[in-house]
Structure formats: C-alpha cells, structure tokens
Amino acid sequence: MGKKLYIKTYGCQMNEYDSQKTLEILRQDPSIEETKNPNEADIILLNTCSIREKAEEKVYSELGRLNKLKKINPQLKIGVGGCVATQEGKNIYKRAPFVDLIFGPQTIHKVPSLIKEENKINAVDVSFPIEEKFDSLPKPDATGVSSFVSIMEGCSKYCSFCVVPYTRGDEVSRKPEQIFDEVARLVEQGVSEIVFVGQNVNAYKFTLNGRIIGLSDLIEVCGSIHGVERIRYTTSHPLEMTDDLIDTYGHVPQLVSHLHLPVQSGSNEILTKMKRNYTREEYIEIIKKLRKVRPNIKISSDFIVGFPNESDYDFQLTMDLINEIEFDASFSFIYSARPGTPASQLEDSIPLQQKKERLYILQKRIDELQLSYSNELVQTIQRCLVTGVSKKDIKQLQARTECNRVVNFDFQNIDILGKLVDINITKAYQRSLAGQILELGRT
Ligand code: SAH
Ligand code: F3S
C-alpha cells in the first residue's frame, strides 16, 4: 500500500523551494504520494523557520499536536527539518522524543535514508553539504507557470541580528550548467516565469574556464532561452548590486521592472550596528542608477523596526527614506533577538509598545504608497503574465503585472495560461487590481 506524505512549510521562499524539492525527492519512490491532510498521513515533515522570535515554541506546540496523531497511528513518521532543526539538533528529541528524524535545509536529499533509520540518533543530519545537495536534487517537476530555481545557498554576510548564516551555512553557488538544465526542463513543462532564489542571489559567483560568472550572466543566458517570458530574483543585498547587474535591466527585457532590495533601516548609525556594510546614501545611489536604466522600476524592501535602542530620530530617517524612494511594498517586522547573534547581546531600552507603534506607522505609509501607485495604473495597459484561476472567483483568471501586482480579469479562453497578455486596468484595490484583457497576439 502507498504511503501518504504531508509537508508543512514555515517561513521564506527558500523553504518553499526546499519543501517542493523534498517532495520531488521522496516521490522518486513510487509508493509515496502527497496529501494535504495531516490526519491521513504516514509521514509528516515540518520545514521550519527560525528567523524571528518564538519560532522554536511554534514548532514544539505543533509537534505536541502531531504526537496525538502518532498515538492513533504509531506507524506515523514525524520529521523536523529547516532552520529550527539546525539550531536545536538532536535536542529536539529531549522535548519531543516521538520525533523520528531531524534534518537541516542542506540535507533534504538525505531524507529518504533518514526515514529508514531504525536508530533515532543516526536519523539526525543537520550538516551543510551544500554542493552534495545541489548534485542530488531530482529533475524538477513544474506545478505552475512560475517556478523557483535555486542558484545559491547560504549567506556569508553575518548581519548582527540574523541567524541565517548559522542555520544555512556560508554562501555556495550552484554550477551554471545545473541551473540552465533546470530552467530548460521547467520551460519544457510549461513554465514561463523563472524566479532565481537564494539568500543573497547577487552574491552568485562561479568560476568557469577562468572566467567569473555572476548573476547578470545567468540572467542574460536565461533571457535567451526560448519560452522564458519573465525573470525575477530574490533576495538580493545592496552590497552586491553591481553596475553589471544594473546594466542588465537595460538589455534583458524579460527581467521584470520590480526589485526586492532589503534596506532594513534608513539610519546610518543603525545600519552600522546591524553590520549591513552600506550607508543610506549608497542605497539611494543604487536606486538612482537603476531608475536611470529602468525609469518605471518598483522597489520593495525588508525593514526591521525597533533594533536595540533605535531612537525616534533613527526611525524618522527610515520614514524619510521610505518617502524618498517611494517603496512599493515591504516585509517589515519588529526586531527580535535571536540566540547566538551578536545583536542579541545589545541592551535595549525601547518599550515594545513604541516599537509596535513605529511598525504601524511604517506599514501604513507603505500601504498608502502602494495604493497610490495602483491608482496610477488605472486606465493604463499593463503587460501581464497569466498565472492561474482567480482565488476569488473561478470565472476569472489571475495575472501578474511586472511590478508583481495581482490582476483579476474575465476570460474566454483558458489557453492563455502562462502567456503574456495586455490588460487594461480598470480598478485598484489595496492588494490587487481588476482589468479587462485586450486582444491577444501583441507579443
Ligand atoms: N538575504 C536577505 C535577508 C533574509 S532574512 C537580505 O539581504 O537582507 C529575511 C528578513 O527577515 C530580513 O531581511 C530581515 O528584515 C528579517 N529579519 C532577519 N532577522 C531578524 C530579526 N532578528 N528580527 C527581525 N527581523 C529579522
Ligand atoms: Fe541574514 Fe543579512 Fe544574510 S539579513 S540572510 S545575514 S544578508
């Protein structure tokens, strides 16, 4: 009889990618199939995230619930993967002895053998064999018109607040031939948007025949593959936003006019304490250069509010930067001290209530900027990629503009899935747009 596999994913796009790959790895065994219902699963894997506070507690309380399922079905295998697994290692067995296997973000390819381990102590592997992981990833199995392709793993920036370098290891770039092989296969399967993913994709570096290949080279080659209509990448770091990469916006039309470039803070003092290694002025300069090459490019960012002893003035500098750049969207969070990071040693006298207020002010302003740009799009024609059926109304399709906004529209023909179409935007909402499709064939 077949085994049913349920994977629960927390956190970032890298984790989503890893979960998809774990599924593909396990499905190489034809007796294993995916289920969306944990109650009927024979194998449950949690792909955890430890970027912010309370991550470990969330995992342990989820494990408590899963233990109840195990009492009903003692054959159930429970695995913990991802960054909490790296951080906690076999300590997980102490608080949750019913867990069967523990693996890290870089050992997902070992899950099939870890599941078979009888001895639990041998069923732990949270090491960083990143090249080995890349070499053993199965051929991709596309599930939509847009697909992630991992080009590098890990991070060597060691920002003072962040656990990623400790949980995912240092930066390792994947071989270009592996990347293009994956892109080509995805395109054959009907994918038309490629999203290069990694903790710091613009740190990509691979030496081939004495020449250094960077992210800009990957984008250029990818843009020349027939069938690739759009290219995105995430996440990138301001420090490696090279002129080369900026120039790519001038000659690769498939590269979208949207960039997620985390700035974290607008105060140089805080940026120094965060160990980001750039200044507010340098960040502004990068955006200016980008806008010279692509005047309509939209910029989104990550922000941390309430870094230890962030003053009102520091926060005001962040708000000024938001108004100057006119950020289009953000992932913004209140700082949380993460175990083992240098920032966790810093004293902090700012009350939580004040941090919450700052976060509210910041998010409200970015929402306003986002809506005002959405309103500007009304009565314009936008080139959009059709991504699927609308989540709100099955009689509508969903597409995405270059600046990553969702557009819902009526359709006559489902064959346009995965294609670029021109849509006249008719209405703007906070999180989406409505539109009418124009005649096809204008590519
Ligand atoms: N590679 C990305 C960051 C990946 S982590 C970069 O270039 O910055 C994703 C985001 O989580 C970070 O950008 C940061 O805004 C947030 N984050 C990381 N550690 C955090 C912490 N200790 N507290 C609050 N937010 C944090
Ligand atoms: Fe984290 Fe900074 Fe790297 S935020 S992922 S250490 S760039």
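Buried residues are those with under 20% relative accessible area, exposed residues those with over 50%, and partly exposed residues those in between (1.4 Å probe, protein chains only). By this definition Arg400, with a relative accessible area of 17%, is buried. The model is predicted: local features need pLDDT of at least 70, side-chain atom pairs count only at pLDDT 80 or more, and totals for chains, interfaces and linings use all residues. Side-chain values use heavy atoms, with hydrogens and water left out, residues are numbered from 1 along each chain as its sequence is written, and chains are lettered from A and ligands numbered from 1 in the order in which they are written.

Arg400 takes part in a salt bridge with Glu193, at 3.2 Å from N to O. A salt bridge is counted where a side-chain nitrogen of Lys or Arg lies within 4 Å of a carboxyl oxygen of Asp or Glu. Glu193 belongs to strand β10 (residues 193-197) and Arg400 to strand β18 (residues 396-400), so this pair ties together parts that are 207 residues apart in sequence. Helices (H or I, at least four residues) and strands (E, at least two) are DSSP runs, numbered from the N terminus. Glu193 is buried as well, at 1% relative accessibility. Elsewhere, Asp18, Lys133, Glu153 and Arg168 are joined into one network by salt bridges that share partners.

The structure holds 34 salt bridges. Side chains of opposite charge can pair when their charged atoms come close. Lys110 has a salt bridge to Asp125, with an N to O distance of 2.9 Å. This pair links distant parts of the chain, 15 residues apart: Lys110 sits in the loop between β5 (101-103) and α5 (111-116), and Asp125 in strand β6 (residues 124-125). Lys110 is partly exposed, its relative accessible area being 22%, while Asp125 is buried at 15%. Lys110 also forms a salt bridge with Glu132, where the closest N and O atoms are 3.8 Å apart. Because Glu132 is part of helix α6 (residues 130-136) and Lys110 is in the loop between β5 and α5, the pair ties together parts 22 residues apart in sequence. Glu132 is partly exposed, with 39% relative accessibility.

The largest nonpolar core comprises 51 residues, and Phe196, Tyr233 and Phe327 have the most contacts inside it. Another core lies apart from it and has 46 residues, among them Cys49, Leu69, Leu137 and Val195. A nonpolar core is a set of buried Ala, Val, Leu, Ile, Met, Phe, Trp, Tyr and Cys residues joined through side-chain atoms within 4.5 Å.

Leu417 is located in the loop between β19 (406-410) and β20 (420-428) and is partly exposed at 36% relative accessibility.

The shell around ligand 2 is formed by Cys155, Lys157, Tyr158, Cys159, Phe161, Cys162, Val164, Pro165, Gln199, Asn200, His237 and Arg276; a residue is near a molecule if one of its heavy atoms lies within 4 Å of it. By class, this shell has 7 nonpolar, 3 polar and 2 charged residues. Ala, Val, Leu, Ile, Met, Phe, Trp, Tyr, Cys and Pro count as nonpolar, Asp, Glu, Lys and Arg as charged, and the others, Gly among them, as polar.

Most residues other than glycine have a negative phi, and most peptide bonds are trans. Tyr158 is not a glycine but has a positive phi of about 50°. Tyr158 lies in the loop between β8 (152-153) and α7 (164-168) and is partly exposed, at 28% relative accessibility. Asn277, also not a glycine, has a positive phi of about 65°. Asn277 is placed in the loop between α11 (268-274) and α12 (280-293) and is exposed at 53% relative accessibility. Thr234 and Thr235 are joined by a cis peptide bond, with omega about -5°. Thr235 is in the loop between β13 (230-234) and α10 (243-251).
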